[in-house]
Structure formats: C-alpha cells, structure tokens
Amino acid sequence: MARAVLLFYSSAHANRLVAGIPAAVRASVILHQSEELAGSDAIIVAAPGGWEASTWAKSEFARLLPDLRIAIGNPEKKALPEGVPVMDAVSVLRGEPVVLANSDAVAHWVEEDTQSQDHTATLRPIGCNIVKATRKTSARLVSRHLHRPISRAISTQLLRLPGITPMHGTALAAFAAVLMAACLLFGGATGLVAGALLFHAASVIDGVDGEIARATRRSS
C-alpha cells in the first residue's frame, strides 16, 4: 500500500522548483522521513489531469529516493486508493500537513483550489525560507549581516534554475577571483578599485555553494 497521496494543483505545480528541488520530490522526501508514515515503499503524486514528471524531477527522485516507488494519480478520475491519506502537498512542504478527510473533501479541493490563480506563487515563500535556513549561526558579524544576506539572495535566484548544483556556485566564486587577480595585476589605478570591489564580491559569492548544497541536500 502507498504511504500517502500528495495532491498538487497541476503537473507544472508538482514539477515547480522549491529551492532547487522539484516540489513533488521535496514533499516526497518529507513524507519518506516521517515516522508516522513509515512502513511503505510507495508515494502517489496526484494532480488534476495527471502528473508528468519533468526530467529534473526524475533525476532528483533517483538521487534522493532511489528505493521509493512513485505512482501517478488523477483526483478527477476518483481513482485514488482507499485507506491512504490524501494530503495537500503545499501543506506538507510548509511542515503542517493537511489530510483531506474523504473523497468529498478531495472533490471539493479539486473544484475550489484549481481555478485560474497562480498556484506556483504558493511555493516561492517556502523556497525562500529553505534558503534562509541554510545560514550558519557561527558566522561572524559582517558575514552574518552583510555578506550572507546577499549570497542568499543570489542562491535563491540560482535555485530557480533546474540543474543548479553547488559546483556552479564554486565556479562563480572562482570566476570572480580570477577577474580580481587580473584587475589587480594589469588594471593600474582603476584596476585596484575594481579589484577591491571584486574581492568583496568573491567573499560574498563564496557562501553560495554551501547554501545551494544545504538547500538541495548535496555536499559542496
């Protein structure tokens, strides 16, 4: 029997990135780690019209949940299994899972919550909060209040792109360092100013790879 049904507003909603990981994958990871829902090797991802996993979603499922079987459900066809909790996926991602009590509740959810509003917007603050949670409490004063807020803003934007890994943050920091060295060595007086600015930029960007790693459950 499946562990649970994760109900999304649409296929695109399930594939939408939440801090670099597709929403369907991140919600499945949360359920997989839940002691209350342990004991099964399958999760159903359901959306009106069915769900078609994106290439990145398939890749992330293989990386994070290689032993978990992922099934596809369509609440409009009323074919969800009996006795399995049907959960509003956004509530799971928020850490406050809402279980729809019965088939009537599911039908009402489909009717009321799949209208023409921008449901992808419901995932943006969740992703931002995940990136904020990557901050280190041991960071020094300047880093905590100046460098890291900027680096987290950069990380938040990068994590909206599928395929982003900590290596991209490392490459960005290395590129800034190479430009800094070139400016200091060959730029004369203007190069000194540019080099100083790039030195500060490199120290800010230096935190991006770690933030991306923690947000996407990778190592930097």
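Which backbone oxygen does the side chain of threonine 134 reach? The side chain of threonine 134 reaches the backbone oxygen of valine 131 at 2.5 Å. This is a predicted model, in which local features need pLDDT of at least 70, side-chain atom pairs count only at pLDDT 80 or more, and totals for chains, interfaces and linings use all residues. Residues are numbered from 1 along each chain as its sequence is written, and side-chain values use heavy atoms, with hydrogens and water left out.

**Threonine 134**

- Threonine 134 lies in the loop between helix H6 (124-132) and helix H7 (141-158); helices are DSSP runs of H or I with at least four residues, numbered from the N terminus.
- Apart from residues up to four places away in sequence, threonine 134 touches Arg152, Glu211, Arg214 and Ala215 (contact means heavy atoms within 4.5 Å).
- Glutamate 211 is 77 residues from threonine 134 in sequence, yet their C-alpha atoms are 5.6 Å apart in space.

**Helices H8 and H9**

- The axes of H8 (residues 166-186) and H9 (residues 188-205) come within 7 Å and cross at roughly 160°; axes are lines fitted to C-alpha atoms over the stretch in contact, with angles from 0 to 180 degrees between N-to-C directions.
- H8 is therefore roughly antiparallel to H9 (an angle over 145 degrees).
- Residues making the contact include Gly169, Leu172 and Ala173 of H8 and Gly188, Gly191 and Leu192 of H9.
- By class, this contact of H8 with H9 has 14 nonpolar, four polar and no charged residues, with Gly counted among the polar ones.

Definitions and conventions. Helices (H or I, at least four residues) and strands (E, at least two) are DSSP runs, numbered from the N terminus. Angles under 35 degrees count as roughly parallel, over 145 as roughly antiparallel, 65 to 115 as roughly perpendicular and the rest as oblique. A polar contact is a pair of N or O atoms within 3.5 Å; within protein, one must be able to donate a hydrogen and the other to accept it, and residues adjacent in sequence count only if both atoms are side-chain atoms.
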